[in-house]
Amino acid sequence: MHSAFDGIEEAQLEAAHAGILEELHLEVLAGRLDVDAARIERFKRLYEQAGVRPDEDLAVRTAHAYRDHYIEARAPIDGAVPLLEAVRRHAQVVVVSNNLLKEQQAKMRDCGLDRYVDVLVVSEEAGVSKPDPGIFTLALNRARVTAREAVMIGDSWTNDIEGAHRVGIPAIWFNRTGAEPPDPNVPTLDSLEPTDAVLKLILGTASQSR
């Protein structure tokens, strides 16, 4: 990591990175940037926020190194596979992602999760990103269920929880960082284990909304 980031807290750096990523994702969706150019621009902006004006070579090298590490680090979250297996005995599994279709398909395949997913909806084909209601509505339509028959589980409060609530989908916040929940009435998980307890929360949240 570049020394410019040494004095920045990890959470702050991650938040800055996520914010820039969301901004540039909209540019990719609009066709104004391709994925590789957006990734390079992302790190240019991140360096600039850290007080460094990077040359093109530094931004390109950082983008490539990040991409290589990102792919190497792909792995399912502990408990994800047994939970998906358990959920599918009761309901469909639908993934709603702010991503490109091929990228999300590759990610799920690398993690061994693709076999458990019944419906995949990505922002590239939806034309809008979470938390826009349109992408959630598209997911409901493809799954052929109503909002009250669905439950959203996500780690982004704004994109996943607030986005789901906009169309009436009950939601569970996957809060791995221990952050303070903006709304204590929203069910929260800090782990996907044990499977039985998490499944009970999911099914209970679904039944309460009906």
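Phe-43, Tyr-66 and Tyr-70 form one aromatic cluster. The structure is a predicted model, in which local features need pLDDT of at least 70 and side-chain atom pairs count only at pLDDT 80 or more, while totals for chains, interfaces and linings use all residues. Residues are numbered from 1 along each chain as its sequence is written, and side-chain values use heavy atoms, with hydrogens and water left out.

Let me turn to the ring pairs. A pair of aromatic rings is described by the distance of the centres and the angle of the planes. Here, rings of Phe, Tyr and Trp (its six-membered ring) pair if their centres lie within 6.5 Å; planes under 30 degrees apart count as stacked, over 60 as edge-to-face and the rest as tilted. By that rule, a search of the whole structure finds three aromatic pairs. One of them joins Tyr-66 and Tyr-70, which are stacked at 6.0 Å centre to centre with 15° between the planes. Helices (H or I, at least four residues) and strands (E, at least two) are DSSP runs, numbered from the N terminus.

As to accessibility, buried means under 20% relative accessible area, exposed over 50%, and partly exposed in between, with a 1.4 Å probe and protein chains only. Tyr-66 is partly exposed at 31%, and Tyr-70 is partly exposed at 29%.

Another pair consists of Trp-157 and Trp-173, whose ring centres are 5.0 Å apart and whose planes stand at 80°, so the pair is edge-to-face. Trp-157 belongs to helix H8 (residues 157–166) and Trp-173 to strand E4 (residues 171–174), so this pair ties together parts that are 16 residues apart in sequence. Are these two tryptophans buried or exposed? Both Trp-157 and Trp-173 are buried.

I return to the surroundings of the cluster. His-17, in helix H1 (residues 10–29), is buried at 14% relative accessibility. Contact means heavy atoms within 4.5 Å. Leaving aside neighbours within four places in sequence, His-17 is in contact with Arg-42, Phe-43, Leu-46 and Tyr-66. Thr-62 of helix H3 is likewise buried, at 18%. Not counting residues up to four places away in sequence, Thr-62 touches Phe-43 and Tyr-47. A polar atom of the Thr-62 side chain lies 2.8 Å from the backbone oxygen of Leu-58.

Next, the nonpolar cores. In soluble globular proteins, nonpolar side chains tend to be buried together. A nonpolar core is a set of buried Ala, Val, Leu, Ile, Met, Phe, Trp, Tyr and Cys residues joined through side-chain atoms within 4.5 Å. The largest has 20 residues, of which Leu-83, Val-87, Leu-189, Leu-192 and Ile-202 touch the most other members. Two or more residues each come from helix H4 (80–87), strand E2 (119–122), E4 and helix H9 (195–208). H4 gives the largest share, five residues. Leu-192 contacts Ile-77, Asp-78, Gly-79, Ala-80, Leu-83, Phe-174 and Val-198, leaving aside its neighbours within four places in sequence. A second, separate core of 18 residues includes Val-96, Phe-136, Ala-139 and Ile-169.

Leu-13 lies in helix H1 and is buried, with a relative accessible area of 14%. Its C-alpha atom is separated by 31 Å from that of Leu-83, 70 residues apart along the chain.

Notes. Polar contact = N/O pair within 3.5 Å; in protein donor to acceptor, adjacent residues only side chain to side chain.
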